[in-house]
Every structure is written in C-alpha cells, then in structure tokens.
Amino acid sequence: MHWVEGNKSLKDKNTFGFDVSSRYYFALRDPWYIKDLEDVVSISNQFMVLGGGSNVVFTQHYNGVIIHNQLQGVKLEKETDRYAWVRVGGGVNWHSFVMHCLAQGWGGVENLALIPGNVGAAPIQNIGAYGVECKDVMVSLKAHDLLDNKSLVLNNEDCMFRYRDSIFKNELKGRTLIHEVTFKLTKNNHIINASYGGILEHLDFKNISQPTIQDIAQAVVEIRQAKLPDPNKIGNAGSFFKNPVIPKEKFNHLKERYPDLPGYGAAQTDSIKVPAGWLIDRAGWKGKTYGKVGVYKNQALVLVNHGEGNGQEILSLSSDIIEDIYDQYGIQLEREVNII
Ligand SMILES: Cc1cc2nc3c(=O)[nH]c(=O)nc-3n(C[C@H](O)[C@H](O)[C@H](O)COP(=O)(O)OP(=O)(O)OC[C@H]3O[C@@H](n4cnc5c(N)ncnc54)[C@H](O)[C@@H]3O)c2cc1C
C-alpha cells in the first residue's frame, strides 16, 4: 500500500524522545480512510494506535504497524440555552481543544488545561487533573474495532470509566481506534472547581475571588508549568505511576510509622488514595539518576530521559522503584504509562 511508510522514526512522536522506529507507519488524516484500516492492519500481525505519544514508553523498535491518529475538526453538534455538545476529531491536540472551548466560552474542561496528547486518547485512561476527569464531560465516542473491522459507538457508561482506567485498558485493550469524541459543555453558569491542587491559593495570591473558567485554566497552566517538566525540554510521560488505593486499616497502620503520610478518601468505602509521589520521594528516589534516565528533581512521580536514554532503562528504573516501595511500605505500585 503506497500510503503506508516503512521504517519510520518515532523519536519526535513520543514525549520521552526515545530513538525508536516503527516497521510500518500509517498516518490517518481523513475519516475517509477508516474504511482502509482493515488492509492497513493486515500488513503485519502487530498494530497499535498512536496519538501524541505522551503516555507510552517504547522499550524497543516497533515491529508492526503504527496507526497515527491525526483526524482534526471541532464541530458544535447541537446546543440549548445552557449546554453545547461538541464533536472533536481524535487527532486534535487536547490543550488546543481546551483553548478553543475557552475562546467559545464553553466550560467543563478548563481544569484539564495543558495535559499533553490528543483528544482520541483522553478516554483511554480517563485523563484527569485538578478534580475533573474526562468522564465528567464526555457524552459518547465513535471508534473502529480494528480486529473485527466494525464501527462502534460507546456512550459514557459503556466506557466503564474509573480512576485512570476504562474499557479501553481492559476488554477493548489494543484493538480500537477512537476517531471522534463528543463532549457536553456548559455555555453559562459554569461549575467552577477550584478546590484541588493549590488552585484556590493561586487565585488568592492573584486576588481573584470570583474566578472565571479562563482564570481557572490560567491557574492550572501556571501551576503545572511550575511543577512538571516540559517534554519539549526534558523527555517524560507525566505521572509514571498511579496513586495506589489501599484499605483504611493499612493506611492507619502506615500512619503510625509515617505521621505525615497524606491520604484522600477514595470512591470505594474504607479505602484511601495515597500519593505515589510522596511514597517515592520519602523512599529517597527524587532526583536520582540511573544511567541516562532518572527521577525528576522536582516531582518524584515523573521519570525523565536526560538525553540519550532508552525505554529499557526507564522500564528497569520503574521496576526498581516498584520493588523498593513494596519493601518499604507493602504497597504495590502500578504503572500508569503504557509499556510497548
Ligand atoms: C508532562 C505530562 C503531563 C501529564 N499530565 C497528565 C495529567 O494531568 N492527567 C492525565 O490523565 N494524564 C497526564 N499525562 C499523560 C498523557 O498526557 C495522557 O495520558 C494523554 O491522554 C495521552 O494522550 P496521547 O495522545 O499522547 O496518547 P499516546 O501516548 O499516543 O497513547 C496512549 C495510549 O492510548 C492509545 N491511544 C492513543 N490514541 C488513541 C486513539 N485515538 N484510539 C485508541 N487508542 C489510542 C495508545 O495505543 C496508547 O495505549 C501527562 C503526560 C505528560 C508528558
């Protein structure tokens, strides 16, 4: 097939900046070509969909076909006095979408400003930040099942969203391409969510007492820029591990040993969510280098590529951290990032 490229470098297509390539590569730029995906995946016995590459670790060259979702478009599907339903192409950059919403005066995604990656990947791990998750604003999505070669329409409930989890990381893992997502956003009387992660303090500092959605997004951008490394300057995939949820009893037990251990009530009763970054930091990993990769100096939850590192090094660093955290606290960390 002439539009499938061979031996394509993925160095600028993953935010760790790992120098790997893909045996075959197909850029999906037009929905018209969704019908050809059956032929594309038949080229090899291995395939994967790639968005912005901000939640993947390539541990080696990819020996199959990469389908790079680049479908664009933001369309107002319908509206009432209060709400706007907006259909967005899976290849649209997430932060550009957030900025577009703010420009239109649509509320709901402002707390999710500056999350890297594309709209099509947002439902995969139910992206979330500062008290808001994809599941709070997503209505439905259109996907293509690449194994059965059929179209799927899933509503919010079908996606089985949980904390950094969805049906796409379970039953439908590795077999669908999400090509369009519909969100329901507010046009007025926006629900302002300023209670998480220092937003309120940040607004206080700027003397903003009645924040708009634009103020919230601006605060989130500024807080994130101060805390997280910019992937354009230092390779990373954001939070590398999920925050573990542990039984309250275990939490209380640990609290006796570590009185400053933070914990937050989780959705399940009798469970507490513990910040993985705190555990890793307290275990002494923050700022450590490991060959050409390491743990970010300002945030222990983020693993970084210092330049010429590779995915194998990141994988083995993350395994050492998992083992050490288990030894020290009896807590099993889970990787948030997809290991390829
Ligand atoms: C600095 C930094 C900060 C971050 N902060 C956050 C944060 O606050 N909250 C948060 O939740 N995440 C965060 N992340 C992680 C990441 O931005 C999100 O997971 C994002 O949704 C990944 O999008 P992507 O397009 O880059 O996906 P990719 O990395 O390209 O892919 C991720 C997974 O989704 C699959 N996939 C991608 N696109 C599609 C599609 N269209 N259809 C089907 N499958 C697909 C891939 O096969 C892969 O398994 C951060 C990352 C970085 C680098």
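Strand S2 (residues 21–28) and strand S5 (residues 62–69) pair in the parallel sense over 6 bridges. Strands here are DSSP runs of E with at least two residues, helices are DSSP runs of H or I with at least four residues, and both are numbered from the N terminus. Two strands count as paired if DSSP finds at least two bridges between them. The model is a predicted one, in which local features require pLDDT of at least 70 and side-chain atom pairs count only at pLDDT 80 or more, while totals for chains, interfaces and linings use all residues. Residues are numbered from 1 along each chain as its sequence is written.

In general, strands of a sheet pair through backbone hydrogen bonds, either parallel or antiparallel.

The chain is divided into domain 1 (5–69), domain 2 (74–227) and domain 3 (235–339), with bounds that come from an automatic or database domain assignment. Between domain 2 and domain 3, the C-alpha centres lie 25 Å apart.

Strand S6 (residues 74–79) is joined to strand S7 (residues 83–89) by 5 bridges, and the two run antiparallel. A hairpin connects S6 to S7 through 3 residues, and glutamate 79 has alanine 84 in S7 as its bridge partner. Of the 6 residues of S6, the number buried is 0, so the strand lies largely in the open. A residue is termed buried if 20 or more other C-beta atoms lie within 10 Å of its own, exposed if 12 or fewer do, and partly exposed in between, with C-beta atoms placed from the backbone.

Strand S10 (residues 138–145) has two antiparallel pairings. With S12, strand S10 pairs over 7 bridges, and leucine 141 has valine 181 in S12 as its bridge partner. S10 and S11 form a hairpin with 4 residues between them. Asparagine 149 is found in the loop between these two strands, S10 and S11, and its phi is near 50°, a positive value in a residue other than glycine. Asparagine 149 counts as partly exposed because it has 13 C-beta neighbours inside 10 Å. Arginine 164, in the loop between S11 and S12, also has a positive phi near 50°. With 19 other C-beta atoms within 10 Å, arginine 164 is partly exposed. Most residues other than glycine have a negative phi.

A second open sheet has 4 strands in the order S13-S19-S18-S17, with antiparallel pairing. Its edge strands are S13 and strand S17 (289–290), each of which pairs on one side only. S13 and strand S19 (residues 302–305) pair over 3 bridges, and asparagine 236 has valine 304 in S19 as its bridge partner.

The ligand is surrounded by 33 residues, of which the closest are Gly51, Gly52, Gly117, Gly120 and Gly238; a residue is near a molecule or strand if its C-beta atom, placed from the backbone, lies within 6 Å of it. S3, strand S8 (128–129), strand S12 (176–186) and strand S13 (235–239) each supply at least two residues of this shell. The shell residues divide into 16 nonpolar, 17 polar and no charged, where Ala, Val, Leu, Ile, Met, Phe, Trp, Tyr, Cys and Pro count as nonpolar, Asp, Glu, Lys and Arg as charged, and the others, Gly among them, as polar.

Isoleucine 321 lies in helix H7 (residues 311–329) and is buried, with 24 other C-beta atoms within 10 Å. Residues up to four places away in sequence aside, isoleucine 321 touches Ile280, Trp285 and Leu333; contact requires C-beta atoms, placed from the backbone, to lie within 7 Å. Isoleucine 321 and tryptophan 285 are 36 residues apart in sequence and 7.8 Å apart in space, C-alpha to C-alpha.

Terms used:
Contact = placed C-beta atoms within 7 Å.
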